[in-house]
Amino acid sequence: MDKITGLAKMIDHSLLHPTMTDDDLYQGCLLAKKYNVATVCIKPYAIKGALEWLKGSGVMVCAVIGFPQGNSTTAVKVFETEQACIDGAQEIDMVVNIGKVLGEDWAYVENEIAAIVAVTKRYKAALKVIFENDFLPEDKFKIKLCEICSRLKVEFVKTSTGYGFVKGADGKYTYEGATEHDLILMRKHSAPEVQIKAAGGVRTLDDLLKVKALGVTRVGATATAAILEEAKRRFGGEVQDSEFLNTQVKGGY
């Protein structure tokens with residue numbers, strides 16, 4: 001796989017903004033297909049449409065669960081995961097119950113993730129567990145989540161949803177997303193076979209190369225075209241054809 005295509009296969013093209021229409025999702029899938037990224041990360045109701053729009057490519061479909069706040073009951077998350085898998089999602093990004101994490105109810109947190117893992121393993125789908133690090137004020141929470149996810153053999157741990165805005169004392173909302181500190185921490189405390197996904201703040205080629213150097217293998221991005229067009233200008237070449245790579249990347253998590 002050439003360098004440009006290797007970078008493209010690090011990207012989950014994010015189509016999750018609540019205002020996105022069906023046409024927005026369709027156009028987003030066409031863009032993802034053009035650049036032959038790893039997946040489109042899409043709203044659960046649009047899984048079947050995305051599969052149709054991406055037909056003939058090596059781009060997989062990733063659905064979000066309990067998104068973006070993680071507050072659904074475990075039973076609802078399990079149902080949502082199973083339905084997403086039945087509809088054809090090849091990857092699942094789920095949000096932990098953040099309140100339970102902050103309350104250190106680790107049995108609840110682990111049991112919930114384990115219940116989702118049981119579903120994704122049955123359907124041979126990759127699971128990414130979203131911590132929402134902006135809501136976690138101390139490293140101990142992130143470290144414990146890495147340990148739980150490693151024990152349960154999830155495929156990825158993920159920094160953020162992209163929508164975890166924190167309200168400051170001045171009433172304004174801020175968001176950091178994937179910080180260098182957190183990525184180093186998550187790589188250090190996760191099992192070697194657990195991959196790291198950076199989400200939130202990866203907007204340029206330099207951002208992508210920086211997190212790659214920290215051990216990240218997947219990123220969530222909306223600036224996919226800008227990133228990969230810059231990669232083509234800087235490194236030369238084109239993204240390899242999706243159909244050519246289809247058998248190589250299918251299930252390649």
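Lys-232 and Glu-229 sit three residues apart in helix H10 (residues 224–235), so about one helical turn separates them. In this predicted model, the two form a salt bridge, with their closest N and O atoms 3.0 Å apart. Lys-232 is buried, at a relative accessible area of 15%. Glu-229 is partly exposed, at 24%.

Other pairs reach between elements. Lys-210 forms a salt bridge with Glu-180, and here the closest N and O atoms are 3.5 Å apart. Lys-210 belongs to helix H9 and Glu-180 to helix H8, so this pair ties together parts 30 residues apart in sequence. Both partners are partly exposed: Lys-210 has a relative accessible area of 46%, and Glu-180 has 40%.

Now look at helix H8 itself, residues 180–189. Its residues Asp-182, Leu-183, Leu-185 and Met-186 are buried. They span an arc of only 165 degrees around the axis, which means that they lie on the same side of H8. What covers them? Among the covering elements are helix H7 (139–151), strand E6 (156–158), strand E9 (195–199) and helix H9 (205–213).

Lys-128 pairs with Glu-91 in a salt bridge whose closest N and O atoms are 2.5 Å apart. Lys-128 lies in strand E5 (residues 126–130) and Glu-91 in strand E4 (residues 91–95), so the link joins distant parts of the chain, 37 residues apart. Lys-128 and Glu-91 are both buried. They also belong to a network of salt bridges that links them with Asp-12, Asp-93, Lys-158, Lys-197 and Arg-218. Across the whole structure, a search finds 23 salt bridges.

Key: Residues numbered from 1 in each chain as written. Predicted model: local features only at pLDDT ≥ 70, side-chain atom pairs only at ≥ 80, totals over all residues. Heavy atoms only, no water. Buried < 20%, exposed > 50% of the residue type's maximum accessible area, 1.4 Å probe, protein only. Helix = DSSP H or I, 4+ residues; strand = E, 2+ residues; numbered from the N terminus. Arc of directions from axis to C-beta. Contact = heavy atoms within 4.5 Å. Salt bridge = Lys/Arg side-chain N within 4 Å of Asp/Glu carboxyl O.
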